[in-house]
Amino acid sequence: MSLAEDQIPDEVREVCARLRERGHRAWIVGGCVRDLLLGREVNDWDICTSAKPKETKAAFRKVIPTGIQHGTVTVLWKGVPYEVTTLRGEGAYSDGRRPDEVFFVDDIADDLARRDFTVNAIAYEPTSGTLVDPFGGAEDLAARRIRAVGVPAERFAEDGLRILRGARFVGTLEFTLEDETEAAFAGALDTFEKVSHERIREEWLKAMKAPRPSPAFEVMRRTGILDRSCPLLPPLADWPVGDRNAWEVCLRALDDLQGPPEERLAALLHGVGRPRATDETYPGASADLLEKWLTDYRFSKDERRTITHLVRHQRVDPSVDERGVRRFLQRAEKARAPAVLRVRRAIVRAEGGDENALAGFQEEVEKALALNVPTTVGDLAVKGHDVQAALGRGGRAIGEILRTLLDEVLDNPSLNERETLLARIAALAPEHQ
């Protein structure tokens with residue numbers, strides 16, 4: 001397996017060369033080397049060096065001591081930040097999250113020995129063109145295999161997040177788990193429970209970038225990771241949906257939907273309320289359950305609002321008339337309706353439903369959106385001050401009248417003319433005096 005040297009930026013080579021000029025060695029390491037060997041695009045460049053942090057600082061004009069206690073500084077080279085870390089080893093992980101101590105080492109192989117998987121334990125020295133691969137990572141890349149460095153149980157006891165990362169790599173790299181590595185997942189679940197919810201959220205979002213994230217989540221389900229992190233999902237495997245189960249539907253919808261992570265998460269999570277809801281309360285029940293889980297796992301307010309909205313409005317009746325289309329747009333919100341329908345279409349496909357009927361409904365929605373049909377009181381040709389002028393006072397009656405007008409306009413958009421609505425306000429005002 002050859003490394004695509006021409007993809008290494010000149011600036012990265014120059015940082016390594018500057019350290020070499022000062023008598024130190026420097027390598028690019030980890031995910032960037034893995035992706036170079038796979039011919040994939042590299043987004044982050046990690047550099048490790050035999051230089052101690054003070055020596056690295058002395059070699060460059062602009063250096064930020066971002067993690068100097070752990071041997072990491074950020075070098076600003078030609079305006080671009082690069083993390084440069086001294087070769088290091090680690091002590092025991094008493095809390096299953098971070099090492100009790102970090103100490104510097106002289107051998108690159110000792111540094112690579114502390115890493116999680118062999119495919120991430122490869123280094124390349126640009127100044128000499130030397131590939132360092134003491135644990136057979138290149139062989140595992142060629143076999144499309146995820147294998148722990150050393151003894152899997154020891155690696156996973158150090159940091160519980162590693163089993164989730166292993167599952168995520170199955171999806172993002174489209175690899176399989178080596179048997180001994182997967183077998184060690186079960187023994188690491190208690191350590192995994194110590195991992196912060198923020199770190200778990202980040203791994204989920206990274207998994208959503210895979211062309212097909214479902215293999216990652218299937219690994220999470222069969223190894224018990226989901227039982228510990230998202231117990232709402234595993235019961236779906238026992239819930240029938242036609243000739244499939246709800247878990248299979250969620251995974252198929254997830255893979256089918258090629259969109260933003262919030263939409264893919266909505267597709268994956270849309271069914272969590274099915275086992276405990278009636279036809280009338282689902283999918284609202286799913287959205288309610290997800291609100292708490294998303295909050296617990298530190299999703300942002302915007303992410304929570306988007307995901308729960310996309311799930312809550314999955315009740316779509318493709319047979320409705322134009323008025324029903326407008327009512328749908330009122331519920332789903334015009335700005336978010338296309339995303340709601342993208343998720344819905346993925347779910348219908350996953351369930352083996354009538355996609356043609358939904359396509360016709362989507363066309364009607366697009367027509368209504370193009371016409372900018374009124375769906376909120378803000379879309380009305382009159383405003384609150386017009387109602388206040390007719391009433392001669394403020395108060396709750398203003399909102400009540402506006403909602404009445406909106407209800408009438410939803411039935412008949414041609415009524416949304418200023419003079420027409422002013423006349424209706426005059427007619428409604430006496431009832432609210």
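The sulfur of C16 sits 8.6 Å from the closest cysteine sulfur, in C48, which is too far for a bond. A disulfide here is a pair of cysteine sulfur atoms within 2.5 Å, and the structure holds zero of them.

| Cysteine | Relative accessibility | Class |
|---|---|---|
| C16 | 1% | buried |
| C48 | 2% | buried |

A word on the source: this is a predicted model, in which local features need pLDDT of at least 70 and side-chain atom pairs count only at pLDDT 80 or more, while totals for chains, interfaces and linings use all residues. Residues are numbered from 1 along each chain as its sequence is written, and side-chain values use heavy atoms, with hydrogens and water left out.

Zooming out, the protein chain has 22 helices and 13 strands; helices (H or I, at least four residues) and strands (E, at least two) are DSSP runs, numbered from the N terminus. Its radius of gyration is 28 Å, well over the 22 Å from the globule rule for 433 residues, so the chain is more spread out than a compact globule. That radius is taken over C-alpha atoms, and the rule is 2.2 Å times the number of residues to the power 0.38. Along the principal axes, the C-alpha atoms fill a box of roughly 90 × 55 × 40 Å. Of the 433 residues, 51% count as buried.

Now the inside. A nonpolar core is a set of buried Ala, Val, Leu, Ile, Met, Phe, Trp, Tyr and Cys residues joined through side-chain atoms within 4.5 Å. The largest one has 105 residues, and I28, W204, F217, L233, L268, L269 and F328 touch the most other members. Helix α18 gives this core its largest share, nine residues. A second, separate core of 16 residues includes V382, L410, I425 and L428.

Helix α14 (residues 261-269) is mostly covered, with seven of its nine residues buried.

For a bit of sheet, β3 (residues 63-67) and β4 (residues 72-77) pair in the antiparallel sense over three bridges; pairing takes at least two DSSP bridges. I64 has T74 in β4 as its bridge partner. The two strands form a hairpin with four residues between them, and G71 in the turn has a positive phi of about 90°.

Key: Buried < 20%, exposed > 50% of the residue type's maximum accessible area, 1.4 Å probe, protein only.
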